[in-house]
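Here is a short report on a protein model.

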Amino acid sequence: MKILVTGGLGFIGSHTVVELQNEGFEVIAIDNLSNSSIDVLDGIEKITGKRPIFENIDLREKSAVQKFFKKHNDIVGIIHFAASKAVGESVENPLLYYENNINSLVYLLQEMVNLPQANFIFSSSCTVYGQAEKMPITEDASVQPANSPYGNTKQIGEEIINDVAKVTNINAVLLRYFNPIGAHSSAEIGELPLGIPQNLVPFITQTAFGLRKELSVYGNDYPTPDGTCIRDYIHVVDLAKAHVIALQRLLNKKNSEKVETFNLGTGTGSSVIEVINAFEKVSGQKLPYKIVGRREGDVISAYANTDKANNVLGWNTQLSLEEALYSAWKWEQKIRS
Ligand code: WQD
């Protein structure tokens, strides 16, 4: 069965392509290479022995999307990762985010409604919850006004999918990721942040490798046990597997609603200091860091209630924070060697 993975050469996309191929799916990966590298195809092939079909397509070009679907009208499922995802950049350049993240989604959905099977997996984010009142966060926690255009595009995306699914043949699963980290154990694929990493773990591994002088910890005066923010760091391979399970749920018509939503996290919160300590343990390296002021827009704490993902989707995380950090470290060393 042929599956389209948009953003298929990206961080989570590439790991999901591997897991789809492991399950015997034929994968078409499309990507505009704006935040990924064509070499990722080699990495995927080294892991699975199968090179996915690749097409360099920018989903902002409606005609290119139409042409693609004319050529591949036997696709049975779509996993949609392609989007801009840097919170800070979205504040500086909102139109880039609204054009890329919303237009691409609309053009995709416009073509999907003509497919015999329109099974859609959407990459969403826990950022839609903002600072949730209650921890751990359940799927029925209220969606707060977004605190960045990036987060807003995820909220708007979910609303568009709900509206379209109501009146078309589209069945969808919205996957709200917590904090994806780590890399495939083979160190053939991983996170490739361009420029200065915005996210914690790539900044840690680049600092440990000596590319960065020290990590700045954005505030230790939060109302948490050690004063630093708490997040739910989930291994990207566990996250990738959840996408395959969600797709199979739709293909086997096991979904109980046209659109279902699942939080994808480990269910455990870890503070920045706890992540640093865990990294030092698995890498055997001291990590130089300094405490600086808070970062605008950071929530104090966010970690998932995983009951629905565990009991309804039938998915559980298998990998620990330490394993994720170790794989991220191995990957950093590999790409710098
Ligand atoms: C984690 C913690 C920082 C960097 C964002 C998006 C989310 C998803 C993941 C795309 C926070 C602290 C970080 C640093 C630090 N993105 N930190 N020093 O902000 O929870 O989530 O990225 O899908 O949608 O919102 O992740 O890794 O940036 O930060 O102290 O150099 O690490 O303050 O507490 P975040 P993050």
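## Strands S1 and S2

Strand S1 (residues 2–6) runs parallel to S2, and 5 bridges join them. Two strands count as paired if DSSP finds at least two bridges between them. Helices (H or I, at least four residues) and strands (E, at least two) are DSSP runs, numbered from the N terminus. Lys2 stands opposite Glu26 in S2. Strand S2 (residues 26–31) is mostly covered, with 5 of its 6 residues buried. Buried means under 20% relative accessible area, exposed over 50%, and partly exposed in between (1.4 Å probe, protein chains only).

This is a predicted model: local features need pLDDT of at least 70, side-chain atom pairs count only at pLDDT 80 or more, and totals for chains, interfaces and linings use all residues. Residues are numbered from 1 along each chain as its sequence is written, and side-chain values use heavy atoms, with hydrogens and water left out.

## A three-stranded sheet

Another topic is the open sheet of 3 strands, ordered S12-S9-S14 with mixed pairing. Its edge strands are S12 (270–271) and S14 (301–302), each pairing on one side only. Strand S9 (residues 230–231) pairs with S14 in the parallel sense, over 2 bridges. Here Arg231 stands opposite Ala302 in S14. Strands of a sheet pair through backbone hydrogen bonds, either parallel or antiparallel.

## Nonpolar cores

The largest nonpolar core has 37 residues. Such a core is a set of buried Ala, Val, Leu, Ile, Met, Phe, Trp, Tyr and Cys residues joined through side-chain atoms within 4.5 Å. Ile3, Leu20, Ile121, Leu175 and Leu264 have the most contacts inside it. Helix H8 (residues 236–251) gives the largest share of this core, 9 residues. Apart from it lies another core, of 28 residues, including Ile78, Leu115, Ile170 and Leu174.

What does Leu20 touch, leaving aside its neighbours within four places in sequence? Leu20 is in contact with Ile3, Val5, Phe25, Val27, Ile79, Val244 and Leu247. Contact means heavy atoms within 4.5 Å.

## Cysteines

The structure holds 0 disulfides. The criterion is a pair of cysteine sulfur atoms within 2.5 Å. For Cys126, the nearest cysteine sulfur is that of Cys229, 12 Å away. Cys229 is likewise in no disulfide, and its nearest cysteine sulfur is that of Cys126. Cys126 counts as buried at 11% relative accessibility. Cys229 is buried too, with a relative accessible area of 6%.

## Aromatic pairs

A search of the whole structure finds 3 aromatic pairs. Rings of Phe, Tyr and Trp (its six-membered ring) pair if their centres lie within 6.5 Å; planes under 30 degrees apart count as stacked, over 60 as edge-to-face and the rest as tilted. One of the pairs is Phe68 with Phe69: the ring centres are 5.4 Å apart and the planes at 80 degrees, so the pair is edge-to-face. Both Phe68 and Phe69 are buried.

Phe279 and Trp329 are also edge-to-face, because their planes stand at 85 degrees, with ring centres 5.6 Å apart. Phe279 lies in helix H9 (residues 272–283) and Trp329 in helix H11 (residues 321–336), so the pair ties together parts that are 50 residues apart in sequence. Phe279 is buried, at 0% relative accessible area. Trp329 is buried at 5% relative accessibility.

## Charges over rings

Arg212 lies over the face of Phe203, at 6.0 Å from the ring centre. The charged end of Arg294 sits over the ring of Tyr222, 4.0 Å from its centre. A charge sits over a ring if NZ of Lys or CZ of Arg is within 6 Å of the ring centre and within 35 degrees of the ring normal.
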